[in-house]
Amino acid sequence: MLRRLGRRGHPEPQDQSTRPTVPPPRTGPPLPEWPDVSHTERMASVEFRVDDEPHIVVDTDVCRNCVTRECMRACPADLFVPTADGGVAFYHDQCFECGVCAVVCPCPGAISWSYPQGGYGVVLRWG
Ligand code: SF4
Ligand code: SF4
């Protein structure tokens with residue numbers, strides 16, 4: 001946001017009535033303490049039940065015309081992989097179901113995304 005400069009180039013003081021207010025400190029019972037677990041340990045505790053039927057379908061014909069290939073940079077599980085012939089391969093197992101690929105993909109029709117059917121996908125966290 002640009003602020004108007006007053007005399008000598010200093011910002012003019014903000015109108016106090018429009019400043020955001022800081023919420024009061026939280027009250028109530030203490031929050032539970034989270035165990036000190038590394039990211040690697042957390043990810044190792046996730047079980048993926050891979051369905052034969054992929055919950056994400058990628059139309060690789062559409063991908064061939066894609067210049068930016070945002071999915072390859074955005075997917076946290078690196079499930080979009082360039083192929084030697086200039087195409088894109090997609091592996092649905094180990095998908096976190098975050099949906100980022102569908103959000104960043106600029107080409108309509110390239111990604112058909114749905115949740116895995118019940119009992120499949122990311123289904124269980126141990127401990
Ligand atoms: S999925 Fe979308 S972003 Fe990824 S290569 Fe295909 S068209 Fe491009
Ligand atoms: S939903 Fe997330 S983890 Fe799964 S393929 Fe898309 S970006 Fe990767």
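Predicted model: local features only at pLDDT ≥ 70, side-chain atom pairs only at ≥ 80, totals over all residues.

Trainee: What share of the residues counts as buried?

Mentor: For that you need a cut-off: a residue is buried if 20 or more other C-beta atoms lie within 10 Å of its own, and exposed if 12 or fewer do. In this chain of 127 residues, 9% count as buried.

Trainee: Which residues make up the largest nonpolar core?

Mentor: That core has 10 residues in all, and C63, C71, C95, C101 and C105 are among them. I56, V58, F80, A110 and I111 also belong to this core.

Trainee: Let me pick one of those. What does V58 touch, leaving out residues up to four places away in sequence?

Mentor: V58 touches C63, A110 and I111, plus V88 and F90. Notice that C63, A110 and I111 are also listed in the largest nonpolar core.

Trainee: How do I judge contacts for the whole chain?

Mentor: Look at how far apart in sequence the partners are. Take the contacts between residues at least 6 apart in sequence: 66% of them join residues at least 24 apart.

Trainee: I also see ligands. Which residues are the closest to ligand 1?

Mentor: C63, C66, C71, C105 and A110 are the closest, out of 13 residues that surround ligand 1. Helices α2 (60-63) and α3 (70-74) each supply at least two residues of this shell. By class, the shell around ligand 1 has 11 nonpolar and 2 charged residues, with no polar ones.

Trainee: And which ones are the closest to ligand 2?

Mentor: Here the closest are C75, C95, F96, C98 and C101, and 13 residues surround ligand 2. The shell around ligand 2 divides into 11 nonpolar, 1 polar and 1 charged.

Trainee: Let's go to single residues. Is T60 exposed or partly exposed, and why?

Mentor: Count the neighbours. T60 is partly exposed because it has 14 C-beta neighbours inside 10 Å. T60 is found in helix α2, and beyond its neighbours within four places in sequence, T60 is in contact with G87 and V88. Also try the distance to F90: T60 and F90 are 30 residues apart along the chain, yet their C-alpha atoms are separated by 8.8 Å.

Trainee: Why does V103 count as exposed?

Mentor: V103 is exposed because it has 12 other C-beta atoms within 10 Å. V103 is in helix α4.

Trainee: What about a residue in a loop? Where is Y120?

Mentor: Y120 is in the loop between β5 (111-113) and β6 (121-125). With 15 C-beta neighbours inside 10 Å, Y120 is partly exposed. Leaving out residues up to four places away in sequence, Y120 touches R49 and D51. From Y120 to D52 the C-alpha distance is 9.6 Å, though they are 68 residues apart in sequence.

Trainee: Last one: backbone angles. What is the phi of Q94?

Mentor: Q94 has a positive phi of about 70 degrees, although Q94 is not a glycine. Q94 is found in the loop between β4 (88-90) and α4 (100-104), and it counts as partly exposed, with 13 C-beta neighbours inside 10 Å. E97 is in the loop between β4 and α4, and has a positive phi of about 65 degrees without being a glycine. E97 is partly exposed, with 16 other C-beta atoms within 10 Å.

Key. Residues numbered from 1 in each chain as written. Chains lettered and ligands numbered in written order. Core = buried A, V, L, I, M, F, W, Y, C linked by C-beta atoms within 7 Å. Contact = placed C-beta atoms within 7 Å. Near = placed C-beta within 6 Å. Nonpolar A, V, L, I, M, F, W, Y, C, P; charged D, E, K, R; others polar. Helix = DSSP H or I, 4+ residues; strand = E, 2+ residues; numbered from the N terminus.
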